[in-house]
Amino acid sequence: MTDQAVAREVGRSRLRKEDARLITGQTNWTDNIQVTGLLQLAVLRSPMAHARIGRVDVSPALDRPGVVAAFSGADLADGLGSLPCAWPVTEDIVLPGHPPIAVDEVRHAGDPVAVVVARDRYLAADALEAIEVDYEPLPPVLDLEAALADDAPLVHADKGTNRSYVWPLATGESFAAVRERAEVTVKRRYHQQRLIPNAMEPRAVVVTPLAASGEYTVYSATQIPHILRIMLATVTGVPEHKLRVIAPDVGGGFGSKLQVYGEEAIALAVARRLGRPVKWTESRSEGYLATHHGRGMIQDVEVAATREGRLLGLKVDLIADMGAYLMLVTPGIPILGAFMYPGIYKMDAYEFTCTGVFTTRTPTDAYRGAGRPEATFAIERIMDELAAELGLDPVELRRRNWIRHEEFPYTTIAGLTYDSGDYEAATDKALALFGYDGLRAEQRERNARGDTVRLGIGVSTFTEMCGLAPSRVLRDLRYGAGGWEAASIRMLPTGKVEVVTGTSPHGQGHETCWSQIAADVLGVPFEDVEVVHGDTRSAPQGMDTYGSRSLAVGGEAVHRAATRVVDKARKVAAHLLEASEQDLDFTDGVFSVKGSPEARRTIQEIAFETFSSHDLPDGMEPTINAEYLVDPENFSYPHGTHLCAVEVDTETGMARIRSYVCVDDVGRVVNPMIVEGQVHGGLAQGIAQALYEEAVYDDEGNLVSGTMTDYLVPSAVDLPDFVTDRTETPAASNALGVKGVGEAGTIASTPAVVNAVVDALRPFGVLDVRMPCTPERIWQAVRSAAAGKEAAA
Amino acid sequence: MIPAAFEYTRPESVDEAVRALAAAGDEAKVLAGGQSLLPLLRLRLAFPELVVDVGRIPALRGVREDGGTLVIGALTTHHDVLRDPLVRRHAGLLAAATQTVADPAVRHRGTLGGSLAHADPAGDLPAVVLALDGELVVAGPNGRRTVAAGDFFVDYLQSALAPDELLVEVRLPKTDGWGFHYEKFHRVAQAYAIVGVAALVRRDDGRIAEARVGLTNMGSTPLRAVAAERALAGADGPDAVARAAELAAEGTRPPQDVSASPEYRTHLARVLTRRAVLAATEAR
């Protein structure tokens with residue numbers, strides 16, 4: 001067989017075929033869905049962080065115009081089990097129940113206490129105000145360390161502790177031993193502030209019951225229609241085969257829609273109770289309280305090294321804020337990061353511990369990067385601190401410790417096997433694009449001059465693990481499911497192609513990329529391919545979209561399913577052309593007989609021949625359709641070098657990014673334009689953590705940054721022009737050679753920016769600025785460092 | 001979020017609007033561009049029984065001259081203010097500050113009068129009109145009256161407008177020949193100013209003959225930095241300006257909120273006043 005896999009489509013910046021409908025909004029966003037008799041659900045939420053619920057009287061709401069029903073938590077408790085946690089990370093984890101509507105106690109501001117169902121959303125919102133709830137305040141639990149004290153007030157009194165779990169990892173030599181022989185140690189505490197994901201489309205759910213047959217269709221703005229179906233069956237008792245879950249077009253998620261939410265279960269329970277369709281749509285400020293948050297950790301990090309700058313060991317102690325409940329993968333998020341703290345560096349000892357702590361705040365869970373940004377931040381920040389301690393250039397320190405390109409595949413101290421990479425190439429390219437030496441010279445000159453505006457340079461040589469995930473690894477990590485992905489290909493009689501994927505796009509451009517992959521393998525025009533997704537009836541198998549997995553696992557499945565189609569079509573072609581399969585060439589969608597090119601059939605013709613089935617090989621099943629489920633052998637490991645130059649106005653504390661260069665290696669690229677877009681968006685979100693965003697709570701546990709006025713999401717005008725480039729080292733773990741790019745920019749950029757801010761202030765004696773590096777914090781850092789110097793002098 | 005129920009009326013004239021306001025007692029709110037009112041309604045922080053939409057009263061739009069005074073209709077959008085050649089020529093400070101208001105979408109909807117009547121000390125334009133020694137013309141059941149900007153801003157989100165009065169015009173003495181600058185300090189483009197400083201400088205023979213400094217977000221109303229203004233009169237050179245700017249926060253009571261402490265705002269007011277005055281001195 002001499003197939004030529006001609007890449008006509010893969011590698012090409014195709015305009016995204018889904019954009020016309022996404023950008024104009026002429027599509028089925030969940031909130032756009034209208035069905036006859038649709039009722040609107042509204043949720044009354046706790047105004048307090050922690051309280052015992054006394055009386056809940058929904059009856060005054062029933063007297064309001066247009067109200068059809070109103071329920072308290074107790075009213076619905078019969079039909080609603082606990083919301084699921086699929087990742088109990090330790091055997092003895094403290095895993096409290098999580099009622100979709102609170103029954104006895106509310107544990108964070110925004111915890112649902114009652115619902116109203118009305119003819120429209122205005123009436124529903126008005127009626128909420130009539131519900132009477134008596135709260136008996138309980139102490140809020142907000143400080144992560146204080147929460148672990150023996151006499152701390154408890155979030156879940158019946159559990160007797162706020163400690164959910166302690167998860168340790170120790171590999172290589174003991175850290176104590178390498179610390180003993182180390183010439184230098186550096187220890188720092190970093191804070192990962194809480195972030196609010198801010199998907200462009202708020203959450204929404206519509207449930208339509210078919211009472212006669214007991215069937216329910218759930219439309220939800222979710223990343224995970226397949227997982228949601230299984231979990232809703234468990235939570236509500238509606239049998240799985242009677243549930244159809246549809247994720248229509250979904251406007252972003254960033255992990256926040258990788259969740260099984262109370263409102264999804266409530267809407268199903270209420271539609272079931274009333275026998276009528278219901279819709280719930282979240283408002284932005286409601287989402288700030290009720291959609292899970294990201295990050296929220298204290299990191300104690302210590303490195304041990306030789307005077308020459310060779311890393312000997314790393315020790316990491318985390319305290320991770322779970323929030324009030326363990327949601328779908330809440331406890332696992334810091335554990336995903338556990339394997340990434342060593343980054344791209346070689347060392348002899350690694351110790352990690354994570355303690356998960358309950359607080360009376362909105363639960364945390366996956367947010368773009370999910371554990372890996374926190375890990376990358378810690379190692380990349382402390383590498384800069386170590387470089388300063390040793391008087392080494394931070395890039396040079398990294399060179400002395402990273403895995404060299406000829407050492408791949410390389411098994412890291414944390415036990416991961418990095419299949420490929422070339423840190424030298426990405427770094428050299430980035431340094432040249434950035435003009436590193438020139439900027440260093442300018443920095444020295446400004447420092448010497450005592451300029452009030454200082455220049456800082458930050459570097460981040462990151463890697464991450466994505467392409468989630470090998471199922472056996474998930475088993476070892478106690479995750480409740482596998483990490484495979486499914487694709488099937490339907491060859492339609494007219495030669496058009498349907499690619500059915502188990503991934504569930506919410507803005508990434510899967511329809512375009514999967515079309516490019518299928519078009520190349522099948523040799524059909526890009527335009528002839530349609531991608532079907534997000535409906536458990538039309539795309540019944542899938543593990544959905546998160547963790548930069550879709551391309552490396554789901555795209556790989558498309559590739560392999562398409563290859564199977566070609567294999568089947570070859571049998572039909574050989575039969576029709578009266579040749580042996582070995583004598584057929586397959587190029588650009590055409591089977592031809594070697595040596596007699598006029599004897600040919602296109603794969604699209606074969607599709608019709610198979611449909612008619614008039615003349616198939618004896619005994620052949622009359623289809624060339626195929627499916628493939630891929631369980632990845634390994635994670636994939638994108639990497640890259642990011643460089644950031646920041647100007648810091650030391651009078652006002654304002655930090656302004658002057659230039660940003662990144663060279664990413666995400667393996668083989670299917671669509672360069674989409675990769676560029678993912679990098680830009682990722683950078684924006686990572687920079688946002690460094691400089692702008694923070695979920696701020698007051699001492700009572702109220703979310704103070706409760707609207708976009710106070711929670712600062714930067715827009716394009718607030719960000720610099722990004723210089724992006726790539727190196728391309730194919731992944732060895734999949735046939736496409738792809739790695740994934742959904743999270744890389746976010747993971748890499750946060751430490752690059754903070755490193756730059758601290759680098760600018762190092763002449764003042766500043767060792768850290770807590771994120772977000774607000775102007776006031778920077779101003780205070782300069783002031784207290786100056787005061788400290790004076791005191792010392 | 002969903003606003004509470006309210007009645008809605010869209011008068012065609014100022015008189016009709018005033019009658020509607022008067023009939024509603026204390027329970028009406030004026031809707032102009034909606035950039036401040038609609039968020040308050042949606043967050044259920046305001047519960048008016050009646051919304052009086054003045055958006056279709058053409059007489060309230062536009063810019064004209066009245067001798068040494070520039071007269072801007074209250075309903076003139078930020079976008080139209082920015083584009084207006086008379087504003088650029090005779091009230092450059094207003095144009096410069098308006099350019100920093102939020103984003104193009106807001107500037108196409110939001111109005112100068114709405115921004116002033118909302119009386120948010122964190123808004124950019126109240127301090128600017130205060131620095132320009134502007135006057136505000138309001139219409140009520142008994143006709144029109146003129147209120148000096150210094151008397152118009154009473155407290156946080158509270159103006160001198162009676163419930164049955166409508167802001168109709170903003171009168172700004174022309175500042176031809178003055179140097180001006182608006183120094184806005186905010187973390188992202190769409191965020192409120194943590195502190196803003198509006199500076200106007202009239203020079204005479206190289207020295208500063210007269211300076212006016214308006215402060216955004218340094219108290220419950222927009223403020224003038226009176227002590228700094230006094231010290232700036234006759235100031236010659238950057239050092240003198242810097243010394244005068246040290247007085248910029250005198251008499252202010254800056255707020256504590258999620259974006260800054262009073263201490264930091266006090267510091268910023270000094271730094272930004274120095275910068276704004278120096279920029280105004282250099283630019284014309």
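Reply: Let's start at Ala518(A). Leaving aside residues up to four places away in sequence, Ala518(A) touches Ile489(A), Val497(A), Val499(A), Val529(A), Val558(A) and Ala562(A). Please keep in mind that this is a predicted model. Ala518(A) belongs to the largest nonpolar core, a set of 347 residues, and it is among the four that touch the most other members, along with Val115(A), Val757(A) and Leu93(B). The largest share of this core is supplied by helix H16 of chain A, residues 550-577, with 12 residues. As a general background, nonpolar side chains tend to be buried together in soluble globular proteins.

The assignment gives domain 1 as 19-25 + 484-630, domain 2 as 33-138 + 200-252 + 257-290, and domain 3 as 294-468 + 634-792. The centres of domain 2 of chain A and domain 3 of chain A, taken over C-alpha atoms, are 37 Å apart. Where these two meet, 25 residues of domain 2 of chain A are in contact with 24 residues of domain 3 of chain A. On the domain 2 side of that contact there are 16 nonpolar, six polar and three charged residues.

The UniProt record, an unreviewed entry, puts the feature "domain: Aldehyde oxidase/xanthine dehydrogenase a/b hammerhead" at residues 24-139 of chain A. Over that stretch of chain A, 15% is helix and 30% is strand, and 48 Å separate the end C-alpha atoms.

Next, have a look at helix H4 of chain A, residues 121-128. H4(A) is mostly covered, with six of its eight residues buried. The buried ones are Leu123(A), Ala124(A), Ala125(A), Asp126(A), Ala127(A) and Leu128(A). They pack against four elements of chain A: strand E1 (39-45), helix H2 (59-62), strand E3 (67-72) and strand E5 (112-118).

The contact between the chains takes 22 residues from chain A and 17 residues from chain B. By class, the side of chain A that touches chain B has 10 nonpolar, six polar and six charged residues.

Before we cross over, one more residue of chain A is worth a stop. Tyr165(A) lies in strand E7 of chain A, residues 163-172. It counts as buried because it has 22 C-beta neighbours inside 10 Å, where 20 or more are needed. Tyr165(A) touches Val89(A), Thr90(A), Ile93(A), Val94(A), Pro331(A) and Gly356(A), again not counting residues up to four places away in sequence. Gly356(A) is 191 residues from Tyr165(A) along the chain, yet their C-alpha atoms are separated by 5.3 Å.

Now over to chain B, which is divided into domain 1 (7-53), domain 2 (63-172) and domain 3 (179-282). The C-alpha centres of domain 2 of chain B and domain 3 of chain B lie 20 Å apart. Their contact takes 19 residues from domain 2 of chain B and 22 residues from domain 3 of chain B. Helix H5 (92-98), helix H8 (124-131) and strand E8 (153-155) of chain B each supply at least two residues of the domain 2 side. H8(B) gives the most to this side, with six residues. The classes on the domain 2 side are 14 nonpolar, two polar and three charged.

The UniProt annotation "domain: FAD-binding PCMH-type", also from an unreviewed entry, covers residues 1-177 of chain B. Over those residues the chain is 34% helix and 25% strand, and the end C-alpha atoms are 47 Å apart.

E11(B) pairs in the antiparallel sense with strand E12 of chain B, residues 195-204, over seven bridges. In that pairing, His181(B) stands opposite Ala199(B) in E12(B).

Notes. Residues are numbered from 1 along each chain as its sequence is written. Chains are lettered from A and ligands numbered from 1 in the order in which they are written. This is a predicted model: local features need pLDDT of at least 70, side-chain atom pairs count only at pLDDT 80 or more; totals for chains, interfaces and linings use all residues. Two residues are in contact if their C-beta atoms, placed from the backbone, lie within 7 Å. Ala, Val, Leu, Ile, Met, Phe, Trp, Tyr, Cys and Pro count as nonpolar, Asp, Glu, Lys and Arg as charged, and the others, Gly among them, as polar. UniProt positions are given in the numbering used here, feature names are shortened, and annotations may be inferred rather than shown by experiment. Domain bounds come from an automatic or database domain assignment. A residue is buried if 20 or more other C-beta atoms lie within 10 Å of its own, exposed if 12 or fewer, and partly exposed in between; C-beta atoms are placed from the backbone. A nonpolar core is a set of buried Ala, Val, Leu, Ile, Met, Phe, Trp, Tyr and Cys residues joined through C-beta atoms within 7 Å. Two strands pair if DSSP finds at least two bridges between them.
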